[in-house]
Amino acid sequence: MGKSRRTKNEELALEEKFENFFKENYNRFYYYALRFIRDTEICRDIVSDSFQYMWERRHNIVFETARSYMYSHVHHLCIDYLRKENVKERNADKYLTFILGQSQEELQEREEHIKKIMDIIKALPLTTRRVMELCYFERKKYKEVALILGLSESGVRKHVMKGLSKIRECFSINYKKGRY
């Protein structure tokens, strides 16, 4: 009993030490993150994530070196954030270039095709429609859809094939009639 009490006291002391470290250093790390990222909310999130990471490893903390460790961790999270934003920006530029490269007529035609596909899916039998929505709108794997709907994976595959067949059928009929 004495040992568990000592462990509890040690845990309380560690928590207090961590809390003091947090109070003494939060603003320091926040302003450090602001040097890289100008969004105050993002900086708060990054610093909070760093403290969370440190909290989860509190039993291994060497408080004498914790400040330099946190600077390093915040720095890495800022760089990761900036890299991800850079990728998003490049992809947005590519998308914009793609969209601008298409004529208004092509865009309108594509929108009509999407609307038609949505109408076809809405008209499918309930299970087939639900399978198509889960697979194509929610991007679930056949195995996940099977579990959700209580079907076998081959049953899901059959419903997908049935849905795709209806879509192809509609477009091939309209294509032959000169509508697409």
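Reader: Over the face of which residue does arginine 57 lie?

Author: The model is a predicted one. In it, arginine 57 is placed 3.5 Å from the centre of an aromatic ring, lying over its face. The ring belongs to tyrosine 53.

Reader: How far is the charged end of arginine 58 from the centre of the ring of tryptophan 55?

Author: Tryptophan 55 counts as partly exposed, at 28% relative accessibility. The charged end of arginine 58 sits over the ring of tryptophan 55, and the distance to the ring centre is 3.8 Å.

Reader: How many aromatic pairs are there, and what kind of pair do phenylalanine 18 and tryptophan 55 form?

Author: The aromatic pairs come to a count of 14. For phenylalanine 18 and tryptophan 55, the ring centres are 5.1 Å apart and the planes meet at 65°. Planes over 60 degrees apart count as edge-to-face, so the pair of phenylalanine 18 and tryptophan 55 is edge-to-face.

Reader: How many residues apart in sequence are the parts that this pair ties together?

Author: Phenylalanine 18 belongs to helix H1, whereas tryptophan 55 belongs to helix H2. The pair therefore ties together parts whose separation in sequence is 37 residues.

Reader: Is phenylalanine 18 buried or exposed?

Author: The relative accessibility of phenylalanine 18 is 7%. Buried means under 20%, so phenylalanine 18 counts as buried.

Reader: Which residues touch the most other members of the largest nonpolar core, and which helix gives the most to this core?

Author: The largest nonpolar core holds 22 residues, and those touching the most other members are Phe21, Phe29, Val47, Phe51, Met54 and Val74. Two or more residues come from each of helix H1 (2-34), helix H2 (40-56) and helix H3 (66-100). With nine residues, the helix that gives the most is H1.

Reader: With which residues is methionine 54 in contact, leaving aside its neighbours within four places in sequence?

Author: Methionine 54 is one of the core residues that touch the most other members. Leaving aside neighbours within four places in sequence, the residues in contact with methionine 54 are Phe18, Phe21, Ile61, Ala66 and Met70.

Reader: How many salt bridges are there, and what is the N to O distance between arginine 83 and aspartate 80?

Author: The count of salt bridges comes to 10. Arginine 83 and aspartate 80 are three residues apart in helix H3, so about one helical turn separates them. Arginine 83 is exposed at 55%, while aspartate 80 is partly exposed at 34%. Their side chains meet in a salt bridge with an N to O distance of 3.8 Å.

Reader: With which residue does glutamate 85 form a salt bridge?

Author: Glutamate 85 counts as partly exposed, at 27% relative accessibility. The closest N and O atoms are 3.2 Å apart, and the partner is lysine 88.

Technical notes:
Residues are numbered from 1 along each chain as its sequence is written. This is a predicted model: local features need pLDDT of at least 70, side-chain atom pairs count only at pLDDT 80 or more; totals for chains, interfaces and linings use all residues. Side-chain values use heavy atoms; hydrogens and water are left out. A nonpolar core is a set of buried Ala, Val, Leu, Ile, Met, Phe, Trp, Tyr and Cys residues joined through side-chain atoms within 4.5 Å. Buried means under 20% relative accessible area, exposed over 50%, partly exposed in between (1.4 Å probe, protein chains only). Helices (H or I, at least four residues) and strands (E, at least two) are DSSP runs, numbered from the N terminus. Contact means heavy atoms within 4.5 Å. Rings of Phe, Tyr and Trp (its six-membered ring) pair if their centres lie within 6.5 Å; planes under 30 degrees apart count as stacked, over 60 as edge-to-face and the rest as tilted. A charge sits over a ring if NZ of Lys or CZ of Arg is within 6 Å of the ring centre and within 35 degrees of the ring normal. A salt bridge is a side-chain nitrogen of Lys or Arg within 4 Å of a carboxyl oxygen of Asp or Glu.
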